[in-house]
Amino acid sequence: MLELVETTTRRGRVQVLNGCSLTVAKGEVVALLGPNGAGKSTLLGTVMGLYPSPTGQVIVQGQEITRVPTHRRIHYGLALVPERRQIFAHLTVEDNLQLGAFHRRRHGVGISRDVAEGMDLFPGLLKHRHRQAGWLSGGEQQMVAIGRALMARPEILLLDEPTLGLAPVIVKEVFEALARLKDSGLTILIVEQNVSQALALASRAYIMVHGQMVFKGSSAEAHHALAEGYLAMG
Ligand SMILES: Nc1ncnc2c1ncn2[C@@H]1O[C@H](COP(=O)(O)OP(=O)(O)OP(=O)(O)O)[C@@H](O)[C@H]1O
Ligand SMILES: [Mg+2]
């Protein structure tokens with residue numbers, strides 16, 4: 001479904017990814033773990049084409065998209081919920097969701113139904129639908145960010161630390177919503193600091209350190225690897 005083959009990625013003059021390979025099968029949830037600065041966000045950005053990636057390949061649903069510009073990657077079923085949410089604070093919740101369907105506007109069928117579905121996934125959002133998103137709590141803003149990404153009807157959802165800075169009860173709510181998305185068959189690649197919850201959701205995990213993959217295996221094996229101190233290697 002999604003495959004990175006020996007990808008190298010640069011940010012400015014720095015080569016951040018040094019030959020990273022990763023696969024995510026259809027319907028699978030895979031966790032990408034690693035210490036701060038390891039290159040996790042850069043890897044997700046590489047899938048979306050945000051940074052130059054001179055060697056290696058990005059393959060989605062059997063098609064190589066390494067040189068496809070970012071704005072076209074949405075057509076390959078990819079959607080990213082970026083680090084720190086990046087919602088439009090001055091727009092309403094409903095307008096934020098609708099923007100997620102921007103590329104579908106010419107065949108706008110079902111957009112309002114999908115807005116309603118987004119609200120179903122996070123029932124707490126319904127009462128806020130006409131409020132400016134910037135006024136919501138951090139957890140509610142995260143729900144808007146996930147809802148907005150889903151409006152593109154992606155087949156692969158990339159999540160960059162969706163529970164960063166959220167209270168434990170909200171973290172639980174976000175993970176419950178992600179579990180429902182997993183049950184619906186969505187393919188998910190998730191970067192998370194809440195390691196045990198991420199591994200409970202995922203069936204497999206990768207650990208990266210200093211721009212390289214240092215581990216891949218089942219979630220249970222990842223628990224052991226982490227106990228051996230992989231995350232402390234940053
Ligand atoms: N704009 C930039 N120019 C040059 N180097 C950058 C830039 N942004 C990030 N980097 C470097 O790229 C490396 C990887 O950053 P990245 O944000 O991908 O790490 P991360 O694993 O997501 O970390 P975190 O857990 O803190 O989010 C870091 O060493 C960082 O200093
Ligand atoms: Mg990051």
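Author: Four strands make up an open sheet, in the order 2-1-4-5, with antiparallel pairing. Its edge strands, strand 2 and strand 5 (63-64), each pair on one side only. Strands (E, at least two residues) and helices (H or I, at least four) are DSSP runs numbered from the N terminus, and two strands pair if DSSP finds at least two bridges between them. This is a predicted model: local features need pLDDT of at least 70, side-chain atom pairs count only at pLDDT 80 or more, and totals for chains, interfaces and linings use all residues. Residues are numbered from 1 along each chain as its sequence is written, while chains are lettered from A and ligands numbered from 1 in the order in which they are written.

Reader: How many bridges join strand 1 to strand 2?

Author: Eight bridges join strand 1 (residues 2-11) to strand 2 (residues 14-24), and the two run antiparallel. Leu-4 has Leu-22 as its bridge partner in strand 2, and Arg-10 has Gln-15. Two residues lie between the strands of this hairpin, where Gly-12 takes a positive phi near 60°.

Reader: In which sense do strand 1 and strand 4 pair?

Author: Strand 1 pairs with strand 4 (residues 55-60) in the antiparallel sense, over five bridges. Glu-3 stands opposite Ile-59 of strand 4.

Reader: Which elements give two or more residues to the shell around ligand 1?

Author: A residue is near a molecule if its C-beta atom, placed from the backbone, lies within 6 Å of it. The residues surrounding ligand 1 include Arg-11, Gly-12, Val-14, Lys-40 and Ser-41. Strand 2 and helix 1 (40-48) are the elements giving two or more residues, and helix 1 has the largest share, three residues.
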